[in-house]
Amino acid sequence: MEKVYTFHTLPWLVCFAGAVYFYVRGRFRAATKDPVDPWREAALAAWALYIAAILTLTVFVVQQKIPFLEMPSFAWGRLHSGWGINLWPFHEIRIFLGMIDHWRFLVNILGNLGFFAPIACGLPLFWRCFQNLWKTLAVCLVFACGIEAAQLFVGRYVDVDDVILNTPGIFLGYAAFFLGTRWWPWLRTLARPQA
């Protein structure tokens, strides 16, 4: 099962990592006329790969194969029935806190806490316009809500608790950027004026 899952995930991951990286890189190159910095390009490529991995694991790897044109009616049916949707804040968190010794606790609670930290660290690291906590928080929350909304269409579990758990991770990621640039000021040279 594990090998099959990895085998089916890998092509999606590579495709979306390439697409995200080249989109972000193209935006950078259009905004600046600076020479290419290989360290920055490598860091940006790793960050884009991480974003692609998040999209692959949360949206594109699904248990059900729903035809693309049937996705809107499938999502509408889920909204009416409530199947696989949790809109009660802290409902799933309470369930998983009761499983502290279980591996699902690590995956759900700790995984969601750390999920958005690299994104929240990368945004201000690569773009000066995101060196404001509230802008970074807003972009990351829109991204987290977008993932949950996309999961509605593909048959994945939609959970408001995921967004709740992602929020402290966003603050942790921004704190890592803030402390990292205080300890190693050269990290600020990776940032460009705008996205």
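**Close-up views of a predicted model**

**Figure 1. Ring pairs link W47, F126, W127 and F130 into a cluster.** The model shown here, as in the other views, is predicted. A search of the whole structure finds eight aromatic pairs. One of them is formed by W47 and W127, whose ring centres lie 5.6 Å apart with an angle of 65° between the planes, an edge-to-face arrangement. W47 belongs to helix α2 (residues 38-60), whereas W127 lies in the loop between α6 (117-126) and α7 (133-154), so this pair ties together parts that are 80 residues apart in sequence. Both W47 and W127 are buried.

**Figure 2. The rings of Y174 and F177 form a tilted pair.** A pair of aromatic rings is described by the distance of the centres and the angle of the planes. For Y174 and F177, the centres are 5.6 Å apart and the planes meet at 55°, so the pair counts as tilted. Both residues lie in helix α8, three residues apart, which is about one turn of the helix. Y174 counts as buried because its relative accessibility is 12%, under the cut-off of 20%. F177 also counts as buried, with a relative accessibility of 4%.

**Figure 3. A nonpolar patch on the surface is formed by F178, L179, W183, W184 and W186.** Together these residues have about 610 Å² of accessible area. F178 is located in helix α8 (residues 160-183). With 36% relative accessibility, F178 counts as partly exposed. Helix α8 has the highest mean pLDDT among the elements of the chain, at 95.

**Figure 4. F90 has a positive phi value, near 70°, and is a residue other than glycine.** F90 lies in the loop between β1 (85-86) and α4 (91-97). Its relative accessible area is 43%, so F90 is partly exposed.

**Figure 5. Helix α1 (residues 2-31) has the lowest mean pLDDT among the elements of the chain, at 64.** Over residues 1-6, pLDDT stays under 50, and the model has two contacts beyond four places in sequence for these residues. For the chain, the mean pLDDT is 83, and 84% of its residues reach 70 or more. The chain has eight helices and two strands, and its elements follow the order α-α-α-β-α-α-α-α-β-α from the N terminus. Of the 195 residues in the chain, 39% are buried.

Definitions and conventions:
Residues numbered from 1 in each chain as written. Predicted model: local features only at pLDDT ≥ 70, side-chain atom pairs only at ≥ 80, totals over all residues. Heavy atoms only, no water. Patch = residues over 30% accessible without salt bridge, like charges linked within 9 Å, V, L, I, M, F, W, Y side chains within 5 Å. Areas by Shrake-Rupley, 256 points an atom, 1.4 Å probe, with all protein chains shown as cover. Salt bridge = Lys/Arg side-chain N within 4 Å of Asp/Glu carboxyl O. Helix = DSSP H or I, 4+ residues; strand = E, 2+ residues; numbered from the N terminus. Buried < 20%, exposed > 50% of the residue type's maximum accessible area, 1.4 Å probe, protein only. pLDDT = per-residue confidence, 0-100. Contact = heavy atoms within 4.5 Å. Phe/Tyr/Trp six-rings, centres within 6.5 Å; stacked < 30°, edge-to-face > 60°.
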